[in-house]
Amino acid sequence: MAQMNMLQAINQALSSEMESDETMTVFGEDVGHFGGVFRATSGLQEKFGRDRCFNTPLTEQGIAGFANGLASNGMTAVAEIQFADYIFPAIDQIVNESAKFRYRSGNEFDVGGLTFRTPYGGGIAGGHYHSQSPEAYFTQTPGLKVVVPRNPEQAKGLLIASIRDKNPVIFFEPKRLYRASVGEVPEGDYVIELGKAEVVKQGSDITLLGWGAQMEVLEKAAEMAAKKGISCEIVDLRTLSPWDIDTVAASVKKTGRLLINHEAPLTGGFAGEIAATIQEECFLYLESPIARVCGLDTPYPLIHEKEYMPDALKTFEAIKASVKF
């Protein structure tokens, strides 16, 4: 297996799928010769031509509408939204069109070949227009799948699975890991099943649940907790919609405690949905209230980014409070 960072893994996934599927097109702002603002699409236009990898005007609603049109005609459309913060102008097309194509036609037509890729999250000093985590806006929309990888190996397998899935998928890429996360990635073709969480580390005292870049935070917090004699089980949700209730519930029934960590603000974040479901599934097994360690209920702050982030220390303190409850 080759060593590569997350950007290289994403690029390899796109290239591999474009080779095997002649109907696949990649498009978005600056994705052509420039290779995207983060270079995730570097070399694709040179390899596959301007008809299959090309720039769009600066209009997210237009990108999403164009993607719906391609996918509704049977093509495989992979659209890049340059930053997740920019996805809001496209919400009407994504929520009212992409998500409902199949339903409104009684399965006569669909946009199943559609994938939206977009970098999300903070940690890069990007300020409030380049750091948001809007995944919860889409998890409440039936007809969409929402996927977030934690490392290069996961990114490649989950992206290939998303592109091949017969439903529209929003693939959120944790951009602070683009070059920081490096690991072994299989060179060949492989997929990681959507809708399945992964137990990353076995433990007995508390379940730590997260996704994307926050998995590294959970691992650091678990190391801190281990020095205090607390055994943490770590679960990567990977797919937020549909999410793997069974795996999370089984872990919580074993440990008796749950802490959910995400970078998006606390109020209305996906942690609240998880907490509500798990207390229904595991009420008689819980030894303490379900804890949430999340971003603050403020616009994403540039100068106070460190204070905003749900980091390992905040998570460690919440672990101790849960165990001592």
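Good morning. Please keep in mind throughout that the structure before you is a predicted model.

Let me turn to the sheet. Which strands form the open sheet, and in what order? There are five of them, and the order is β9-β11-β10-β13-β14, with mixed pairing. The edges are taken by β9 (198-201) and β14 (291-295); each has a single partner strand, so one side of each is left without a neighbour in the sheet. From one strand to the next, the twist averages 25°.

Strand β10, residues 206-210, runs parallel to strand β11, residues 232-236, and five bridges join them. Within this pairing, I206 stands opposite C232 in β11, and L208 has I234 as its bridge partner. With β9, by contrast, β11 pairs in the antiparallel sense, over three bridges. There, V199 stands opposite V235 of β11.

Helix α12, residues 312-324, lies across β10, β11, β13 (258-265) and β14. Its direction makes an angle of about 150° with β13.

I now come to the charged side chains. How many salt bridges does a search of the whole structure find? The search finds 14. I shall describe several of them.

The side chains of R117 and E80 form a salt bridge, with 2.8 Å from N to O. This pair links distant parts of the chain, since R117 is in strand β5 (residues 114-120) and E80 in strand β4 (residues 76-80), 37 residues apart. Are these two residues buried or exposed? Buried means under 20% relative accessible area. R117, at 1%, therefore counts as buried, and so does E80, at 4%.

Another salt bridge joins E263 to R176, whose closest N and O atoms are 2.8 Å apart. This pair too links distant parts of the chain: E263 is in strand β13, R176 is in the loop between β7 (169-174) and β8 (182-185), and 87 residues separate them. E263 is buried, with a relative accessible area of 5%.

The side chains of D110 and R102 also meet in a salt bridge, at 3.4 Å from N to O. Here D110 is partly exposed, with a relative accessible area of 26%, and R102 is partly exposed at 27%.

Finally among the charged groups, R150, E198, D236 and R238 are linked in a network of salt bridges.

Let us next consider the backbone. Most residues other than glycine have a negative phi, and most peptide bonds are trans. What is phi in R238? The value is near 65°, which is positive in a residue other than glycine. R238 sits in the loop between β11 and β12, and this residue is buried, with a relative accessible area of 9%. R39, which I placed at the outset, also has a positive phi, near 75°. R39 counts as partly exposed, at 36% relative accessibility.

Which peptide bond is cis? The bond from S241 to P242 is cis, with omega near -5°. P242 is in the loop between β12 (239-241) and α9 (245-255).

My last topic is the surface. F283, L284 and Y285 form a nonpolar patch there, and together they have about 410 Å² of accessible area. Y285 lies in the loop between α10 (270-282) and β14, and counts as partly exposed at 43% relative accessibility.

Thank you for your attention.

Methods: Residues numbered from 1 in each chain as written. Predicted model: local features only at pLDDT ≥ 70, side-chain atom pairs only at ≥ 80, totals over all residues. Heavy atoms only, no water. Pairing = 2+ DSSP bridges. Helix = DSSP H or I, 4+ residues; strand = E, 2+ residues; numbered from the N terminus. Axes fitted to C-alpha atoms, helices over the stretch in contact; angles between N-to-C directions. Contact = heavy atoms within 4.5 Å. Patch = residues over 30% accessible without salt bridge, like charges linked within 9 Å, V, L, I, M, F, W, Y side chains within 5 Å. Areas by Shrake-Rupley, 256 points an atom, 1.4 Å probe, with all protein chains shown as cover. Salt bridge = Lys/Arg side-chain N within 4 Å of Asp/Glu carboxyl O. Buried < 20%, exposed > 50% of the residue type's maximum accessible area, 1.4 Å probe, protein only.
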